[in-house]
Amino acid sequence: GMASGTAPVHVEGTATNALQGHLWRHHQIYTTPINHDEFNGLRISPSVYTTLEELDRFVDAVESAIRNGVPA
């Protein structure tokens, strides 16, 4: 009846912790930073309760961070 998933997101040239902090401070989007030898990026965990609008908001925020940069 219920499902969820996780997705890793890495933005080349952007520090994972800086992107995580930016998404939270400016967009109230919660993500989990992963800083590991084999992978460095954000873990996002959409669920069946996540709306398409919320996913679009996340994508827009990340695309904006890519275009405009994120303070370190």
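Trainee: Which classes of residue make up the lining of the largest pocket?

Mentor: By class, that lining has six nonpolar, five polar and three charged residues. Here Ala, Val, Leu, Ile, Met, Phe, Trp, Tyr, Cys and Pro count as nonpolar, Asp, Glu, Lys and Arg as charged, and the others, Gly among them, as polar. Please note that this is a predicted model, in which local features need pLDDT of at least 70, side-chain atom pairs count only at pLDDT 80 or more, and totals for chains, interfaces and linings use all residues. Residues are numbered from 1 along each chain as its sequence is written, and side-chain values use heavy atoms, with hydrogens and water left out.

Trainee: What volume does the largest pocket have, and which residues are closest to its centre?

Mentor: A pocket is an open set of points on a 1 Å grid over the protein atoms alone, where a 1.4 Å probe fits, with protein on both sides within 12 Å along at least five of seven lines; lining residues have an atom within 4 Å of a point. The volume is the space filled by probe spheres set on the points, which are joined across faces, edges and corners. In this model the volume is about 290 Å³. Of the 14 lining residues, Ile29, Tyr30, Ile44, Ser45 and Thr50 are the closest to the centre.

Trainee: Which element gives the most to this lining?

Mentor: Helices (H or I, at least four residues) and strands (E, at least two) are DSSP runs, numbered from the N terminus. The helix α2 (52-68) gives the most, with four residues. Both β3 and α2 supply at least two residues each.

Trainee: In what order do the elements run along the protein?

Mentor: From the N terminus on, they run β-α-β-β-α, with two helices and three strands in the protein.

Trainee: How are the strands arranged in the sheet?

Mentor: Two strands pair if DSSP finds at least two bridges between them. The sheet is open, with the order β1-β3-β2 and antiparallel pairing. Its edge strands, β1 (7-9) and β2 (32-35), each pair on one side only.

Trainee: How many bridges join each pair, and which residues stand opposite one another?

Mentor: Three bridges join β1 to β3 (residues 40-44); Val9 stands opposite Leu42, and Pro8 opposite Arg43. Four bridges join β2 to β3, and Ile34 has Gly41 as its bridge partner in β3. These two strands, β2 and β3, form a hairpin with four residues between them.
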